[in-house]
Amino acid sequence: MLPATLAIHHLARYGSRQGNIHVFPGQMSIWGKIIGGAAGFFALGGPLGALLGALAGHAIDKSLEEDVLPAAHDDRRATREIAFTIAVIALGAKMAKADGTVTRSEVAAFKQVFQVPPEELANVARVFDQAKRDVAGFDAYARQLASMFNERHPVLEELIDGLFHIARADGEVHESEIAFIGEVARIFGFSDADFARLREVNVGPDQADPYTVLGVRREQTDEEIKAEWRRLMRENHPDKLVAQGLPTEFVALANEKVATLNAAYDRIAKERGIK
């Protein structure tokens, strides 16, 4: 078995509003898919394919050593998962470069977002460093990933949340980072109002305006606000996101998003006396 082919023993538990998501033992992690199948995903092309190629030699060597055949290169979900992961590494690297410095806290946050196993840190670092050196602009990576999803797709929201998570790791989100994330959001098809909501979500449930977090207005009725909250909960449910191409390694971010949405609705419900 490849060192990167991890048996995931993770059961994320949610409250009654959130449901359950199960990741079964023996399921290959995104790192296993990349290492086991990097050579087969050159069909991605573009800047993401080029970055994936930075791992190709390593992947081929391990596949030959362990006699492992890459699985289902034409699988759409697997392709999306790998493209998503490579894109977040690339965009995180470009954002760090835009900020001018890479602090230890940002590196720690990067590892936290990715849930990178120790044996794969070197591979992630290789892609991260390659992306920083790459002449391609961050918009090239963002546009390629955007072409694989519908505009304003919830999986793309998770990527925006991940970038915010990394940006605020040092205790301060710099204007250059906000501008960077805002431009990525625009490429993904999010409006200015959408980005205001995403930015507010990442302030934190205790400080954020709960109406902005849910993307609703104070003059809307209780029923309208509840309906919007329920819609957001359906769209951001981790089971659904994983089925649409979010790697299971990013479920922690999805959990955080769901908790923030619930906290916002709870504050509004308490304020309005909604039962």
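This is a predicted model: local features need pLDDT of at least 70, side-chain atom pairs count only at pLDDT 80 or more; totals for chains, interfaces and linings use all residues.
## Helix α8 beside helix α9

Let's begin with α8 and helix α9, which covers residues 175–187. Their axes come within 10 Å and cross at roughly 175 degrees. Angles over 145 degrees count as roughly antiparallel, so α8 is roughly antiparallel to α9.

From α8, the residues making this contact are L159, I160, L163, F164 and A167. Across from them, α9 brings E177, F180, I181, V184 and A185. Sorted by class, the contact has nine nonpolar residues, one charged residue and no polar ones.

## Helix α8 beside helix α10

Now follow α8 (residues 154–167) to helix α10 (residues 192–201). The axes of this pair also come within 10 Å, but cross at roughly 50 degrees, and the two helices are therefore oblique to each other. The crossing of α8 past α10 is right-handed.

On the α8 side you will find E157, I160, D161 and F164, which meet F195, R197, L198 and R199 of α10. By class, this contact has four nonpolar and four charged residues, with no polar ones.

## A residue in helix α14

Finally, take a look at T260, which sits in helix α14, residues 251–272. Its relative accessible area is 8%; under 20% counts as buried, so T260 is buried.

Terms used. Residues are numbered from 1 along each chain as its sequence is written. Side-chain values use heavy atoms; hydrogens and water are left out. Axes are lines fitted to C-alpha atoms, for helices over the stretch in contact, and angles run from 0 to 180 degrees between N-to-C directions. Helices (H or I, at least four residues) and strands (E, at least two) are DSSP runs, numbered from the N terminus. Angles under 35 degrees count as roughly parallel, over 145 as roughly antiparallel, 65 to 115 as roughly perpendicular and the rest as oblique. A crossing is left-handed if the near helix is turned anticlockwise from the far one by less than a right angle, and right-handed if clockwise. Contact means heavy atoms within 4.5 Å. Ala, Val, Leu, Ile, Met, Phe, Trp, Tyr, Cys and Pro count as nonpolar, Asp, Glu, Lys and Arg as charged, and the others, Gly among them, as polar. Buried means under 20% relative accessible area, exposed over 50%, partly exposed in between (1.4 Å probe, protein chains only).
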